[in-house]
Amino acid sequence: MMKQLLLYTTLILLGSIRGGSASETDRMIAYVGNWQPCPTSEQTASYTELLIAFAVTYQWSPGKNICNTQCVIGSPVPICNNQPNAALVSKWQSEGKKVILSFGGAGMGGSWASSNDDCWEHCFGKEDFVVDQLVNIVSVQ
């Protein structure tokens, strides 16, 4: 299930992006790194979907992230400025934008050979637990 979830996120990123007038099949997807400043209304105006990166199971630490050994996802998930922002998510949704939460990211480990991070290791075999947490986070946040 986790592989399917990650694949879905990847497919969303690879979705069609077209210019001109929007139709039901046209999409423009914005990547919102939750450690970065919040985008302005002008910056998000032309987007149909916003991908929030990332929900994670670690606390950042220089050299090696501190993994939650039970694969518990931090909640509430920061939206931007390293802070939760339910009002901003609600605003985007009221504008008809789809808000997508991405789980994972480079800090979970495995992105490159020299990475010391190994937080994914604590999540293998816990796919149902991960999905349940993500569903709850999206439902209440």
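**Before you start.** This is a predicted model, in which local features need pLDDT of at least 70, side-chain atom pairs count only at pLDDT 80 or more, and totals for chains, interfaces and linings use all residues. Residues are numbered from 1 along each chain as its sequence is written, and side-chain values use heavy atoms, with hydrogens and water left out.

**Exercise 1.** Find out which strands pair with S2, and in which sense.

*Solution.* Start with the terms: strands (E, at least two residues) and helices (H or I, at least four) are DSSP runs, numbered from the N terminus. Two strands pair if DSSP finds at least two bridges between them.
- Step 1: S1 (residues 29–33) runs parallel to S2, and five bridges join them. Tyr-31 has Leu-51 as its bridge partner in S2.
- Step 2: S5 (residues 98–103) also pairs with S2 in the parallel sense, over six bridges. Here Leu-51 stands opposite Ile-100.
- Step 3: Now check how covered S2 (residues 49–55) is: six of its seven residues are buried. Buried means under 20% relative accessible area, exposed over 50% and partly exposed in between (1.4 Å probe, protein chains only).

**Exercise 2.** Work out how the buried residues of helix H3 are arranged, and what they pack against.

*Solution.* 
- Step 1: List the buried residues of H3 (residues 86–94), which are Leu-88, Val-89 and Trp-92.
- Step 2: Look down the helix axis: these buried residues fall within an arc of 100°, so they line one face of H3. The arc is taken from the directions from the helix axis to the C-beta atoms.
- Step 3: Recall a general rule: an α-helix has 3.6 residues a turn, so residues three or four places apart point the same way.
- Step 4: Turn to the other side of H3, where Ala-87 and Ser-94 are exposed.
- Step 5: Find the neighbours: the buried residues of H3 pack against helix H2 (41–44), S2 and S5, with contact meaning heavy atoms within 4.5 Å.

**Exercise 3.** Decide whether Val-138 is buried or exposed.

*Solution.* 
- Step 1: Locate Val-138, which lies in helix H4.
- Step 2: Val-138 has a relative accessible area of 55%, so it counts as exposed.
- Step 3: Compare positions: Val-138 and Val-99 are 39 residues apart in sequence, while their C-alpha atoms are 9.6 Å apart in space.
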